[in-house]
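Here is a short note for a colleague opening this entry for the first time. Please read the points with the model in view.

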Amino acid sequence: PEAGARRCRAVAVAIVGLVACCFVLSQAFVAPNMGSVHSRDVSVVAARAAGEYTGFVPDLQRRTLMNLVVTATSLIPVGVLLYGFVTYLLPPTGGGAGGASLVGDATGAPVALDKWMKNHKDTERELVQG
């Protein structure tokens, strides 16, 4: 029972922390409200659509965080795509013995080319071993 209560408490703390993080991130890149726009002066849509300079400039910390978020979110798909292309285009290397294997007779002794050519014609297609 005590372990279950601890686990339940840990899950509850994790959920509250996740909600708090989501709230903080949702407010991180929002310009502060410098004053309310009166409906008789200018409509909210027109004020925001004008693209006027509002006086808000993100500080260095926010710009650094925005750059990190953009870089991290773009590195994941770019990395996956690059890995796919590289593994497709580069031939597999390593593994196995590699290279050529020596020709042998039925007992496994190496067969020399000059001895083989003395007993066989150039166009003959006879297996050396097997």
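1. A residue counts as buried when its relative accessible area is under 20%. His-120 comes in at 17%, so His-120 is buried. This is a predicted model, and that should be kept in mind throughout.

2. Where does His-120 sit? His-120 belongs to the segment after helix H4, which covers 113–119.

3. Of its 130 residues, 3% count as buried. The protein exposes about 12,000 Å². Carbon and sulfur atoms supply 65% of that area.

4. The fold is quickly listed. There are 4 helices and 0 strands. Along the sequence the pattern reads α-α-α-α.

5. Helix H3 deserves a check of its length. H3 runs over residues 60–89, which makes 30 residues. At 1.5 Å a residue, H3 should span 44 Å. Its end C-alpha atoms are 41 Å apart, so the two values agree.

6. H3 also has a bend. The bend is about 30° and falls at Leu-75. A proline, Pro-77, follows within four residues.

7. How many of the 30 residues of H3 are buried? The count is 0, and H3 is hardly covered.

8. Now the cysteines. A search of the whole structure finds 0 disulfides. Cys-22 is in no disulfide, and its nearest cysteine sulfur, that of Cys-21, is 7.1 Å away. A disulfide would need the sulfur atoms within 2.5 Å. Cys-22 is partly exposed, with a relative accessible area of 47%. Cys-8 has 55% relative accessibility. The cut-off for exposed is over 50%, so Cys-8 counts as exposed.

9. The mean pLDDT of the protein is 78, and 73% of its residues reach 70 or more. Confidence is highest in H3, at a mean of 91. It is lowest in helix H2, residues 44–49, at a mean of 58. Where pLDDT is low, the predicted coordinates should not be read in detail.

Conventions: Residues are numbered from 1 along each chain as its sequence is written. This is a predicted model: local features need pLDDT of at least 70, side-chain atom pairs count only at pLDDT 80 or more; totals for chains, interfaces and linings use all residues. Side-chain values use heavy atoms; hydrogens and water are left out. Helices (H or I, at least four residues) and strands (E, at least two) are DSSP runs, numbered from the N terminus. Buried means under 20% relative accessible area, exposed over 50%, partly exposed in between (1.4 Å probe, protein chains only). Accessible areas come from the Shrake-Rupley method with a 1.4 Å probe; for residues, only the protein chains shown count as cover. The expected span of a helix is 1.5 Å times one less than its number of residues. The bend at a residue is the angle between axes fitted to the seven residues ending there and the seven starting there. pLDDT is the predictor's confidence in each residue, from 0 to 100.
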